[in-house]
Amino acid sequence: MIGGGLVGATLAIGLARASHKVRVLDGGDTDFRSSRGNFGLVWVQGKGAHSAPYAQWTGSASRAWPEFAAELLDATGVDVQLQQTGGIDYCLTESEFKSQADKMQRVQDQTDGMFEYQMLDNKEVRELMPQISKAVVGASYSPQDGHVNPLKLLKALHTQMQKLGCEYLPNQPVIDIEARNSGFKVITRDGEFYCEKLVLASGLTNTELARKVGMSVPLKPNQGQLLITERFEPFLKIPSIHIRQTDEGTLQIGDSSADIGYDDSTSLQVLAMIANRLLKIFPHLINVNVLRSWSALRVLTPDGLPVYEQSELWPNAYAVNCHSGVTLAAQHATVLSQWIAGESVDNYQGIINEFSADRFTDV
Ligand SMILES: Cc1cc2nc3c(=O)[nH]c(=O)nc-3n(C[C@H](O)[C@H](O)[C@H](O)COP(=O)(O)OP(=O)(O)OC[C@H]3O[C@@H](n4cnc5c(N)ncnc54)[C@H](O)[C@@H]3O)c2cc1C
């Protein structure tokens, strides 16, 4: 396994459970690592509005999460603080409300009605979240959404994979890979390793590493900036893509998106934009102290859907990328790992095939 972020760690767990001997070669703290900078949502709303397989895959991941979180707690003692209390996406204009309603309807159509949601007006939103302002035109609500503590999740995954016997080697950036008939020689800054099966889960670096084993995996970074406030008594029961209250009491505020290359700096302009939008929804937060801010890079394919690719040239090489690694974690640790292990994945095979990188041959 190359990469020990959310994707690499979940796959390592699944492969170890399938009786594979797994070694994880990970990079270091100066890498772009979205698993350490994300928002922690287990989010279904809006996912797959233009892709039935993605809508179905995301829905199945959300349904698999309670069992996955319980297993992690049982095996590691780490409670990832899964809360599936539903999720809200606030709309501040009539046109936002209409386009959100259209998107929700499309997701429901793509899942043959499995995706549940409601479009709520201001009064109905207020029944769920009494603190919202009159500026909120309405919101979409789905009972299938939720959130976790993403850093506890990464800790739980690392604990679990090592308990299952995976060897984890940090600060071992892979610089080259040589494919042979018998397997792969993986060359890191400090040494050489050999394996029969190779899984690339190195986030944005996958594009470069995949080329070495005959795969084309086009990816680009997308910057998101986030704010963290001081702690409060729990008051925000339902998360949204703009704000959630963490299990530790802080508010995590975010949802910027910028296509500006490999830039993970923060800017006052973007942070002010995030804060201003939030204050239109929750004006009572005006005097809250912001303690920290950061930015991290999403790992995006050209169509925003995951890539689950098996090399045609070297069929024991795989590449996995997605921009919802928290949401999809439960499926990656089970179904997707079974696919990589060569086991039957029954009804999911069709969905996995849809996410092959073949779809980008014209990109
Ligand atoms: C701002 C933001 C908010 C987000 N919010 C959510 C959310 O709410 N819900 C959700 O589901 N998803 C969210 N995501 C997306 C989620 O964080 C990612 O999908 C997920 O973290 C991707 O994990 P990864 O393991 O593929 O990548 P990474 O976390 O980037 O991990 C890649 C790993 O590979 C290592 N590596 C890199 N190069 C090499 C090399 N040459 N050799 C060895 N190792 C290497 C790195 O050190 C790193 O550990 C968000 C992302 C961002 C940026």
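Q: Which residues of helix H7 are buried?

A: In this predicted model, the buried residues of H7 are Leu271, Ile274, Leu278 and Ile281. Viewed down the axis of H7, these buried residues fall within an arc of 80°, so they line one face of the helix.

Q: Which exposed residues does the face of H7 turned away from its buried side carry?

A: That face carries Leu268 and Gln269, both of which are exposed.

Q: Against which strands do the buried residues of H7 pack?

A: They pack against strand E3 (87-91), and also against E12, E13, E14 and E15.

Q: What span should the 14 residues of H7 have, and how far apart are its end C-alpha atoms?

A: At 1.5 Å a residue, H7 should span 20 Å; its end C-alpha atoms lie 20 Å apart, which agrees.

Q: How do strands of a sheet pair?

A: Strands of a sheet pair through backbone hydrogen bonds, in either a parallel or an antiparallel manner. Here, four strands form an open sheet in the order E13-E14-E12-E15, and their pairing is antiparallel. Strand E13 (243-245) and strand E15 (290-300) are the edge strands, each pairing on one side only. On average, neighbouring strands of this sheet are turned by 25° against each other, direction ignored.

Q: Over how many bridges do E12 and E15 pair?

A: Strand E12 (residues 220-231) pairs with E15 over ten bridges, in the antiparallel sense. Asn222 stands opposite Arg298 in E15.

Q: Which strands of the sheet does helix H7 touch?

A: Helix H7 (residues 268-281) packs on the sheet and touches E12, E13, strand E14 (250-253) and E15. The direction of H7 makes about 60° with that of E12.

Definitions and conventions
Residues numbered from 1 in each chain as written. Predicted model: local features only at pLDDT ≥ 70, side-chain atom pairs only at ≥ 80, totals over all residues. Heavy atoms only, no water. Pairing = 2+ DSSP bridges. Helix = DSSP H or I, 4+ residues; strand = E, 2+ residues; numbered from the N terminus. Axes fitted to C-alpha atoms, helices over the stretch in contact; angles between N-to-C directions. Contact = heavy atoms within 4.5 Å. Expected span 1.5 Å × (residues − 1). Buried < 20%, exposed > 50% of the residue type's maximum accessible area, 1.4 Å probe, protein only. Arc of directions from axis to C-beta.
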